[in-house]
Each structure stands twice: as C-alpha cells, then as structure tokens.
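Q: I am new to this structure. Please show me how to read some of its features.

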There are 2 protein chains.
Amino acid sequence: MKQKLTIVKIGGNVIDNPEALDTFLVDFSQLKGPKVLVHGGGKLASQKLKQMGIEPKMVDGRRITDEQTLEVIVMVYGGLINKNIVAQLQQLGNNALGLSGADMNSILAHKRPVREIDYGFAGDVDTVETENLDLLINNSVVPVFCPLTHDKKGQLLNTNADTIASQLAIGLSRSWSVDLVYCFEIKGVMKDMDKGIIFEEMNPATYEEARTTGLLTGGILPKLDNAFESLNQGVENVVICQADALKNWSGSNFEGTVLHL
Amino acid sequence: MKQKLTIVKIGGNVIDNPEALDTFLVDFSQLKGPKVLVHGGGKLASQKLKQMGIEPKMVDGRRITDEQTLEVIVMVYGGLINKNIVAQLQQLGNNALGLSGADMNSILAHKRPVREIDYGFAGDVDTVETENLDLLINNSVVPVFCPLTHDKKGQLLNTNADTIASQLAIGLSRSWSVDLVYCFEIKGVMKDMDKGIIFEEMNPATYEEARTTGLLTGGILPKLDNAFESLNQGVENVVICQADALKNWSGSNFEGTVLHL
C-alpha cells in the first residue's frame, strides 16, 4: 500500500500578507507525515514589477510574461518568496528544500505556443520527474515549489501555481497516495453564497449538476476541471479550503470541499 | 577510499558577463565525476540595487546588508542567478539543483556580531549539513549553491561565496576526497606580476616565504589563509585559476596554482 503524501498549494493573497503567511506556515509545519508545499506569489510579483518601473501585463487574469517580466518573476518566486518560506519552515522544524521545476529537472514544460494571445515565457507542463523527490521525501525533506518550470533548453518559464500543484500531485501519485489541498480565500466550493454554505463533498455527478443548473460559474470552473482531472489521473483526494482551515486538517471540525470520484 | 568530488567556485566578474558565463558553464558541465558549483554575484546585485533606487553600501569591499539590501540580494542570488544557472546546466546535461544554505539546512550560520562595523544581515558559517547532499551527489545531482545562509531562526543571511565554497569543501571532506577550485580573474597566485608568472604549486612554507618577503600582499592573503585552512581541515587540494583554465582541468596543460600541505 502506498504511503500518504499531502500536497498543499497556497495562493497569492496569503503570500502577500506576512502575518497570514506566518500563521499558515505554522499550520503547515505541524501537518504530520510526508508533505510538499506549492506557492504562488503573483501579487508580490506585480508589486515588485511596479517598483522596478515595469507595468504588469495581464489578459483575463493571466500574466503576459515578456523577458523583463520573467526576470522579475524569477527573482520574486525563486528567490524572495521561496527562500524566505524555506528559512521559516526550517525554523519551524521542517527540513524544507526550495525548488523550481528546473531543479533536478522536476517539472519539464514547453513555451506556450502563440495563438490569439502571446503569453510570452509561459510554460505548459509536459512531465514531472519524481525519482529524486521520492528519495528526499522519504528522507523527511519537505519540497517547497515555486511556480517556475523550464524547457531543458536553458529557458525558465512562468507556470500557474495551481497547475504546478496538480501536475506534481499526478506525478507523485505513482509512488504515493496523494491528498492535494488547495488553500484559497474562500471556505470551499460555495453551495449557497448568501448563507455561506459550501459543498462538503463533490463528485463528478454533483459537479455536473451544479454546473448545468448554473449554481457554479466563473473562475471556480477551470479550478474544478483541473481538480477532477487530477483525480482521474490517480490523485486520491482533492480538497478546496481556506488557509485557516489547514490547522484542522486531521480533525473532525475540518471545513472545506472534498472532491472525489 | 573516498571518491573524488570537485567543488568549483565562480566569481562575480564571470557571473556578470553572459558570454563568459555561458563558456564557463559549458566547461563546468563537462567536468567528469561528482561535482558542486558555488557562485557569487555581487556585481549583479549592486546593479539591481541601483535599479531599485537603493545605493549599495560597502566597507573595505564588504557589503553592508541592511534589510532592503538583503531582500534584493535574496532575489538576485537565490532567484535570478541561481535558477538561470540551474536551467543552463540542465540544458547541458547536468542534473543541477539550486540551493541556498537554508535549503535542507545545508549551511547554518549566525548573524555577524556588531563590533566596529555593523555588517547587517551578514552570516558567519557554523555548520554544514551533508547527509542529503551526499545522497543527491551519489545520485548524479549537481548542487549549485548561491551565497546565502540561514540561522534556523527564520533569518536568511548574506555570506561570502569564497567562504561558502571552503566551508562546503570542509564539510563534504567527511565523505569525499575534495578538490576545491577557485576560479578568479587572475591566472593563479602571481609569482611575478610583470612577467605574468604564477606559482604552479604552493605549500604553507612557500606561502609563508612569499608573505614575509612582501611578494604577496592585499586581497590574495585572506584568500590564501582561507585556502590553507580548508587544507588543514581535510580538503585534498585547493586550486586557484582563471575561469578559462577549467576546460583543461584534467589535462597536462592546466594552468593555475595548486595549494597543498
């Protein structure tokens, strides 16, 4: 039987807020067993771009990563955010190791082909290399991934952190029974926004129903498509919850939406 | 018998010049056997500091690392330089892994105590943790260290890259027969500056002689003290050479100063 591995993705709103990040890292550090952290950082990147006199360029919430932008993103994701999280986790007793997809060729991607929009140095994931990750995780190392990949032709690429998390989860499912936890601003997948009620569980049938009745619309749909795709490719559970909920992860009072097949 | 491990340190002048760096990385990638790269990057850091409106502060060639400066240094060393070198080495067929001293708690340091000068967030090395490094190097991974350490209290620290290289060399000598190669702007330790003649070999006696006669003065002295200290603590050979010479490392036409006890 495969051992349990928990992969947690933490998004930009928490990264951007030092107090919220501190609290989150304490909660993450206390998770038992093998684990991996994936972080975003888009808001901080936009802030640093402006500080360096570069106007962030976005189309429908997606960043256009030109050469100048890539340079800043590599500094912010791979340096500033990643190394500080690693140092904080070390303090909290987790043997953290900061990684981009280039490190140990962990996540190989290709530059997104130009169709209607030229996203620049944006990477779409091809393969995830897990041999050395398995070795390190078995040795109590906690990998911390930033949202950068490479093409093995010397080019770093900017890759969506949700995608990094789901692709890592799929790859690591070869050796582990993976729970993938997306920590967002919201409590979970909303069933009734006015009353603040979430779906406690969701499977492809309940998802299909919520989609066709129009209960779910907008940005949550690609996230859920992505999540169910992970489940279809071997990930055990995908959970969507608020960062605050992580401290209750193993408890009976955990709040969040658990997706399964 | 311990297996040979080659640790190469590359300095700021090469890092700062994309063509020289490309050439150096090709030469480094072709070194046979287990190896580690340590890079500096002070010049690029100073450039980025200025770009962000922060005036670099130096005292006797040593950087004063205040909070703002540390942030930029973490971005430049840990992100920009380190991740790009890793991506380039991956292209060249080396399974590179970028590391700071915080990653896997590899290099633990403490903030330099304030005496006459407050160097700010400058770290003096305490211990080097090699268990996971040994594991990875044995698995053909090529660690690439940037000059950052941590104090295990959540604080990243700026640490001289020469020191990182020598401390890693000493630590890794527990499991490996280590050659430590410092790649500089100069051909080696100069015996006759006018004629461009270097010492081919140097031991503590010839060093002492060259120092007392006044042949060697200035910045080379602390470097050599550092180098002989590494030899005293178990490093097999320390070599000082130009980056260009690395391509001839295993050949009979290698030019550089080989230090030994």
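A: Begin with contacts: two residues are in contact if their C-beta atoms, placed from the backbone, lie within 7 Å. The model here is a predicted one.

Q: Which residues does Ile7(A) touch, not counting residues up to four places away in sequence?

A: Nonpolar side chains tend to be buried together in soluble globular proteins. Here, Ile7(A) touches Val36(A), Val38(A), Ala165(A), Leu168(A), Ala169(A), Val178(A), Leu180(A) and Val181(A), leaving aside residues up to four places away in sequence. The largest nonpolar core has 162 residues, and Ile7(A) and Ile7(B) touch the most other members.

Q: Is helix 6 of chain B mostly covered or exposed?

A: In an α-helix there are 3.6 residues a turn, so residues three or four places apart point the same way. Helix 6 of chain B, residues 161-172, spans 16 Å from first C-alpha to last, close to the 16 Å expected at 1.5 Å a residue. This helix is mostly covered, with 10 of its 12 residues buried. Among them are Ala161(B), Ile164(B), Gln167(B) and Leu172(B).

Q: What is the phi of Asn105(A), and what is the phi of Ser140(B)?

A: Most residues other than glycine have a negative phi. Asn105(A) has a positive phi, near 50°, and lies in the loop between strand 5 (95-99) and strand 6 (107-111) of chain A. For Ser140(B), phi is also positive, near 70°; its loop runs between helix 5 (131-138) and strand 8 (141-145) of chain B.

Q: Why does Asn105(A) count as buried?

A: A residue is buried if 20 or more other C-beta atoms lie within 10 Å of its own, and exposed if 12 or fewer do. Asn105(A) counts as buried because it has 22 C-beta neighbours inside 10 Å. Ser140(B) is exposed because it has 11 other C-beta atoms within 10 Å.

Conventions:
Residues numbered from 1 in each chain as written. Chains lettered and ligands numbered in written order. Predicted model: local features only at pLDDT ≥ 70, side-chain atom pairs only at ≥ 80, totals over all residues. Core = buried A, V, L, I, M, F, W, Y, C linked by C-beta atoms within 7 Å. Helix = DSSP H or I, 4+ residues; strand = E, 2+ residues; numbered from the N terminus. Expected span 1.5 Å × (residues − 1).
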